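Open the model in your viewer and keep the selection tool at hand. We will go from one stop to the next, and at each one you will hear what to select and what is there.

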Amino acid sequence: MPTVSLEVNGKPVKAEVEARTLLVQLLRYDLGLTGTHVGCDTSQCGACVIHVDGRAVKSCTMLALQAGGTKVVTIEGLARDGKLHPMQAAFKEHHGLQCGFCTPGMIMAAVDMANRIPNLDEKTVRHELEGNLCRCTGYHNIVQAVLAGAKAMRA
Amino acid sequence: MHDFRYHRPSSVDEAVKLLAGKSDARVMAGGMTLIPTLKQRLAKLTDVIDLAAIKELKGIKVEGKAVTIGAMTPHHEVASSIAVKKAIPALAALAAGIGDPHVRHRGTIGGAVANNDPTADYTAAVLALNATVKTNKRSIAADSFFKGLFETALGEGELITAVSFPVVDKAAYMKFANPASRYAIVGVFVAKSGASVRTAVTGAASCVFRCAPIETALAKSFAPEAIASVMIDGKDFNSDIHASAEYRAHLVRVMAQRAVAAAA
């Protein structure tokens with residue numbers, strides 16, 4: 001079987017995978033990083049969003065082998081020294097979740113958005129969240145959380 | 001997904017060699033269409049040849065009156081390129097509306113153009129802007145590139161290396177997007193260059209096409225009112241749960257009017 005070497009949440013990882021293995025499968029099944037979810041499995045819902053080389057991507061629509069040589073960050077890699085990332089803290093503070101299934105993808109998308117766009121406003125956040133679905137329909141608080149989290153990231 | 005052999009060549013020549021003689025081998029650009037296709041087992045491949053490591057296929061160049069975009073340049077790069085925004089703002093805006101941010105980080109212009117999805121956005125820009133599709137073998141004019149449903153002029157062992165867009169006076173793209181996928185239910189790209197106007201329609205039929213009645217009317221007067229009463233023949237248009245053929249025909253005119261109003 002082919003081997004893939006990459007960095008996941010700051011640690012080097014080497015794994016033997018079938019060529020057809022999806023990146024999300026490598027993360028969840030091989031590495032036990034089950035914070036990244038699979039919702040629709042058709043690249044629409046965004047529950048599987050992670051960062052590859054600093055860019056948000058849908059890990060259900062990327063082969064594990066395509067991630068060879070990259071730096072991957074998952075929801076497990078955001079907190080530092082037991083302290084929540086400002087975006088995680090904002091989701092907690094603003095209750096940006098109901099059932100919580102979409103939350104890891106929402107937070108990873110939100111961090112990417114805040115990194116790319118300096119002055120986020122509500123309209124931009126809603127547009128940028130087009131690739132993330134919350135089937136509890138709790139968008140109001142998610143948007144508030146993203147705005148607060150982005151502000152906290154710049155502080 | 002059926003299993004396959006995965007390759008990651010570092011040059012176009014190497015990619016073409018890997019393809020040779022294998023009828024069920026395919027190249028993969030961003031994989032935003034190919035991976036879902038494989039997952040649904042709509043295709044069974046022996047070999048997937050990932051083009052991501054080929055540096056010569058990446059990047060944006062603005063030289064003179066042309067914007068040339070390497071085939072493996074992701075939509076996000078085009079959408080956020082200051083050079084593209086300045087030279088052909090409509091092209092950057094189109095790229096910013098493909099899929100969602102995560103898809104735009106992976107999906108590429110070469111993949112989108114080669115796939116020729118009937119509801120793709122980029123195909124409309126290529127056709128309306130009279131772009132040239134550059135391959136490892138030749139240069140193909142937009143008018144002879146798109147052949148039909150998911151069909152192009154690309155031959156065996158032929159890969160898109162770049163797409164070159166001439167800078168025009170005014171252009172805009174307007175789409176009526178499917179709210180779930182953001183694919184175009186109908187999208188219209190309008191481009192004006194001197195006295196010439198080109199209009200490409202995506203999403204409405206089995207393949208992107210130019211709309212002669214709209215082009216003729218806009219060449220006389222480049223204003224939304226000029227096409228207010230143009231009749232669009234929708235008898236061969238797509239009809240599905242999202243929109244009937246009649247509705248798509250209506251949308252072609254409305255999107256064209258909005259594009260003319262927005263053209264910059």
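Strands here are DSSP runs of type E with at least two residues, numbered from the N terminus. With that in mind, select B:Phe209, which lies in strand S14 (residues 209-210) of chain B. One thing to keep in mind on this tour is that the model is predicted.

**Stop 1: around B:Phe209**

Is B:Phe209 buried, exposed or partly exposed? A residue is buried if 20 or more other C-beta atoms lie within 10 Å of its own, and exposed if 12 or fewer do. B:Phe209 has 18 C-beta neighbours inside 10 Å, so it counts as partly exposed.

**Stop 2: the domains of chain B**

Next, colour chain B by domain. The domain assignment gives domain 1 (5-50), domain 2 (55-166) and domain 3 (170-262). Taken over C-alpha atoms, the centres of domain 1 of chain B and domain 3 of chain B are separated by 34 Å.

**Stop 3: a sheet in chain B**

Select strands S4, S5, S10, S6 and S7 of chain B. They form an open sheet of five strands, in the order S4-S5-S10-S6-S7, with antiparallel pairing. Which strands stand at the edges? They are strand S4 (60-63) and strand S7 (139-141) of chain B; each has a single partner strand, so one side of each is left without a neighbour in the sheet. On average, neighbouring strands of this sheet are turned by 20° against each other, direction ignored.

Zoom in on strand S5 (residues 66-70) and strand S10 (residues 160-166) of chain B, which run antiparallel and are joined by five bridges. Here you can find B:Val67 standing opposite B:Phe165 in S10(B).

**Stop 4: where the chains meet**

Show both chains. How many residues does each chain bring to the contact? Chain B gives 23 residues and chain A gives 23 residues. On the chain B side, the elements that give two or more residues are strand S1 (5-7), helix H2 (34-39), strand S3 (47-50) and helix H6 (101-106) of chain B. H6(B) gives the most to this side, with five residues. By class, the side of chain B that touches chain A has 11 nonpolar, six polar and six charged residues.

**Stop 5: a helix in chain A**

Select helix H3 (residues 103-116) of chain A. At 1.5 Å a residue, its 14 residues should span 20 Å, and its end C-alpha atoms are 20 Å apart, which agrees. Since 12 of the 14 residues of H3(A) are buried, this helix is largely enclosed by the rest of the structure. Among the buried residues are A:Met106, A:Ile107 and A:Val111.

What do the buried residues of H3(A) pack against? In chain A, the partners are strand S3 (49-52), strand S4 (55-58), helix H2 (86-93), helix H4 (122-128) and helix H5 (139-154), together with H6 of chain B.

**Stop 6: the domains of chain A**

Finally, colour chain A by domain: domain 1 (3-77) and domain 2 (86-154) come from the domain assignment. Their C-alpha centres lie 21 Å apart. Across the boundary, 15 residues of domain 1 of chain A are in contact with 11 residues of domain 2 of chain A. S3 and S4 of chain A each supply at least two residues of the domain 1 side, and S3(A) gives the most to that side, with three residues. The residues of this side divide into seven nonpolar, seven polar and one charged.

How values were computed:
Residues numbered from 1 in each chain as written. Chains lettered and ligands numbered in written order. Predicted model: local features only at pLDDT ≥ 70, side-chain atom pairs only at ≥ 80, totals over all residues. Contact = placed C-beta atoms within 7 Å. Helix = DSSP H or I, 4+ residues; strand = E, 2+ residues; numbered from the N terminus. Nonpolar A, V, L, I, M, F, W, Y, C, P; charged D, E, K, R; others polar. Domains from an automatic or database assignment. Pairing = 2+ DSSP bridges. Axes fitted to C-alpha atoms, helices over the stretch in contact; angles between N-to-C directions. Expected span 1.5 Å × (residues − 1).
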